[in-house]
Amino acid sequence: QVQLVESGGGLVQPGGSLRLSCAASRNIFSIYTMDWYRQAPGKQREYVTIITPNGNTNYTDSVKGRFTMSRDNAKNTVYLQMNSLKPEDTAVYYCHARRRYPTLEYWGQGTQVTVSS
């Protein structure tokens, strides 16, 4: 069992920055791919970014150049640095851990990000 706890959400003005954290209950990053998803009210949950066990990252087009995912193995924590925030970034952000063989996945509880003037 893995527990994931997100933090760092809040209210920020357009153009501002936030850093989200996802703390895992144990060291899993060598075998799990970590993802950030987000879900706005009335919309489908969408993929935002991933980091693989070897440290490679990828981003959905809407956040490229603005968001950066990183990992601190010693702290069992992944981060999502969000810069140049836009109102359309407003959503609940979820941390997700995934292993394929065997198939296992875990979700955090989510943290609210609101971008508004």
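Reply: Begin with the polar contact: a pair of N or O atoms within 3.5 Å, where one must be able to donate a hydrogen and the other to accept it. The model here is predicted. In this model, a polar atom of the arginine 66 side chain lies 3.0 Å from the backbone oxygen of serine 84.

Me: Where is arginine 66 placed?

Reply: Arginine 66 sits in the loop between strand S6 (57-59) and strand S7 (67-72).

Me: Is arginine 66 buried or exposed?

Reply: Buried means under 20% relative accessible area. Arginine 66 has 10% relative accessibility, so this residue counts as buried. Leaving aside neighbours within four places in sequence, its contacts include Met82, Ser84 and Asp89.

Me: Which strand holds threonine 33, and is threonine 33 buried or exposed?

Reply: Threonine 33 lies in strand S4, residues 33-39. The same cut-off applies, under 20%; threonine 33 is buried because its relative accessible area is 13%. Among the residues that threonine 33 touches, not counting those up to four places away in sequence, are Ile50, Pro53 and His96.

Me: How many bridges pair S4 and S5?

Reply: Two strands pair if there are at least two bridges between them. S4 and S5 (residues 46-51) have 5, in the antiparallel sense. Aspartate 35 has isoleucine 50 in S5 as its bridge partner, and isoleucine 50 also stands opposite asparagine 58 in S6. S5 and S6 pair in the antiparallel sense over 3 bridges.

Me: What is found in the turn between S4 and S5?

Reply: The two strands form a hairpin with 6 residues between them, and glycine 42 in the turn has a positive phi of about 75°. In the hairpin of S5 and S6, with 5 residues between the strands, glycine 55 takes a positive phi near 95°.

Definitions and conventions:
Residues are numbered from 1 along each chain as its sequence is written. This is a predicted model: local features need pLDDT of at least 70, side-chain atom pairs count only at pLDDT 80 or more; totals for chains, interfaces and linings use all residues. Side-chain values use heavy atoms; hydrogens and water are left out. Helices (H or I, at least four residues) and strands (E, at least two) are DSSP runs, numbered from the N terminus. Buried means under 20% relative accessible area, exposed over 50%, partly exposed in between (1.4 Å probe, protein chains only). Contact means heavy atoms within 4.5 Å.
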